[in-house]
Amino acid sequence: MKYADLHPNIRIRIITDFFTDLTQKSIIPFMAIYLSIQIGASLAGLLLTVNIVASMIVGLWAGYWSDRIGRKKLMVIAQSLQVIALLGLAIANSPWMDSIIVTCLMFLLSSLSSGITVPIANAMIVDVSSEHERHYVYGLQYWTTNVAVTFGALMGGLFFESFRFLLFSLVCLESLATLFILIFMIRETMDKRALDCDDASIQRNILKTYWAVFQDKRFMIFFTATVLAVSLEFQLDKYIAVRLKNEFTAQLFGSDISGLHMFSLIMVINTVMVALVAIPFSRWIGRFQSRSIMTVGMLLYTAGFTVLAFSNWAWLLVSSAILLTIGELMYAPVRQVMLAGMIPDSDRAAYMAADGLSYNAAALLGSLGLTIGAFLPSYAMAGLYILMGLGALIFFRMLLRKAEEQNQHLPCADAS
């Protein structure tokens, strides 16, 4: 499998998604600090919560309508809103104007745009990819996302505090270029024949559509497994970061390092490994059975987080960071392939929007873990992580086993 062999829409989306992620990650992590200074921590927290909830709601709306009127129209609308939002942010933080009210409104508009784009872009990839291609596509997408996060954080760190107007202007130009690419290069991918064959689906209103989605037992098992798995990742910058700050002191390479230094080292290891090995690694593991990849990946991923929950031995923590990164590189693309294979053609974007809610639920569990960790000892938190990881693995394997059994009854099925 080569990049040039992919559908043109996928090749374009991977590039544009990289720059979109770069834009978002150069702004969003630093907006919380900026808003806390400008309007106070409590009001800033409320505003960020409103942004998240609004993004969730508009994502569900976009998923529903994308399955009815097509992907491209809504993506162009969303990207147009993003251009307006970033232009407004640039103007509101320019040498000629300094408005916190306009900044808050444009930040909300940017969040709404992202909420619309994500489920539709994910559905578009499924529209034009085969099961064989998806292991490679999702591995490549995972790599570009992590690289974009790294460079976005670097850009934000360099420009946000002192050069916000320049930063917002640059990302606005990038967003404008993405809009022109969407208009002139992206083709519509929704198969209207799927709708013609499923009149009952097209006639359902938005509430009935998502009621049907959340009554899908296979999807809800997958949803639960995703929440359990991803919530471990959200523990890293919450409970684990706080625990290391409070408990960890050691020497590494002859130098004293604090808990915060160790936390930064763990993040660097994760980022560098993903940047260096994600693409060749995704090609290599694509030759193995999905259930085996998921099993080994989730066990490594769980083991890594379990050790981070209690250990204060520097080299063991470094080894755990390597293990959890390898585990994530294994399980994450398989999870995406599983999702793509279980959703009906007529409701692809709706299912993708519903899947996005699993990340919000995992984020809530991540925050809850910080609260629980204030009362439980570290070894108890490690035990909790084991239960969460094994629970996710059991649910994922259950679905993969059923999929393999179904494929065995299809003479032309690709059971890879």
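Hi everyone. Let me begin with a term: a crossing of two helices is called left-handed if the near helix is turned anticlockwise from the far one by less than a right angle, and right-handed if clockwise. We'll need that in a moment. Please keep in mind that what you see above is a predicted model.

So, let's start with helices H5 and H11. H5 covers residues 131-159 and H11 covers residues 259-285. Their axes are 9 Å apart, and the helices pack at an angle of about 165°. Angles over 145 degrees count as roughly antiparallel, so H5 is roughly antiparallel to H11. Here comes our term: the crossing of these two, H5 and H11, is left-handed. If you'd like to find the contact on screen, look for residues of H5 including Tyr136, Trp143 and Val147, and for residues of H11 including Val274, Ile279 and Arg283. By class, the contact of H5 with H11 is made of 10 nonpolar, seven polar and one charged residues.

While we're at H5, have a look at Val137, which lies in this helix. Is Val137 buried or exposed? Its relative accessibility is 1%, so Val137 counts as buried. Setting aside neighbours within four places in sequence, Val137 is in contact with Leu6, Ile10 and Ile125.

Now to a second pair, with the other handedness term. Helix H4, residues 100-127, packs with helix H14, residues 348-373, at an angle of about 130°, and their axes are 8 Å apart. That angle makes H4 oblique to H14. The crossing of H4 and H14 is right-handed. On the H4 side you'll find Pro119, Asn122, Ala123, Val126 and Asp127, which meet Arg348, Ala349, Met352 and Ala353 in H14. By class, that contact of H4 with H14 has six nonpolar, one polar and two charged residues.

Next, a glutamine. Gln82 lies in helix H3, residues 71-92. With a relative accessible area of 5%, Gln82 is buried. Which residues does Gln82 touch, not counting those up to four places away in sequence? They are Gln24, Ser110, Ser113, Ser114 and Ser175.

Last stop, the nonpolar cores. The largest one has 82 residues, and those with the most contacts inside it are Met294, Met298, Tyr385 and Phe396. Leaving aside neighbours within four places in sequence, Tyr385 is in contact with residues including Leu232, Tyr239, Phe305 and Ala309. There is also a second, separate core of 35 residues, which includes Met31, Ala62, Leu179 and Ile186.

Note on methods. Residues numbered from 1 in each chain as written. Predicted model: local features only at pLDDT ≥ 70, side-chain atom pairs only at ≥ 80, totals over all residues. Heavy atoms only, no water. Core = buried A, V, L, I, M, F, W, Y, C linked by side-chain atoms within 4.5 Å. Buried < 20%, exposed > 50% of the residue type's maximum accessible area, 1.4 Å probe, protein only. Contact = heavy atoms within 4.5 Å. Axes fitted to C-alpha atoms, helices over the stretch in contact; angles between N-to-C directions. Helix = DSSP H or I, 4+ residues; strand = E, 2+ residues; numbered from the N terminus. Parallel < 35°, antiparallel > 145°, perpendicular 65-115°, else oblique. Nonpolar A, V, L, I, M, F, W, Y, C, P; charged D, E, K, R; others polar.
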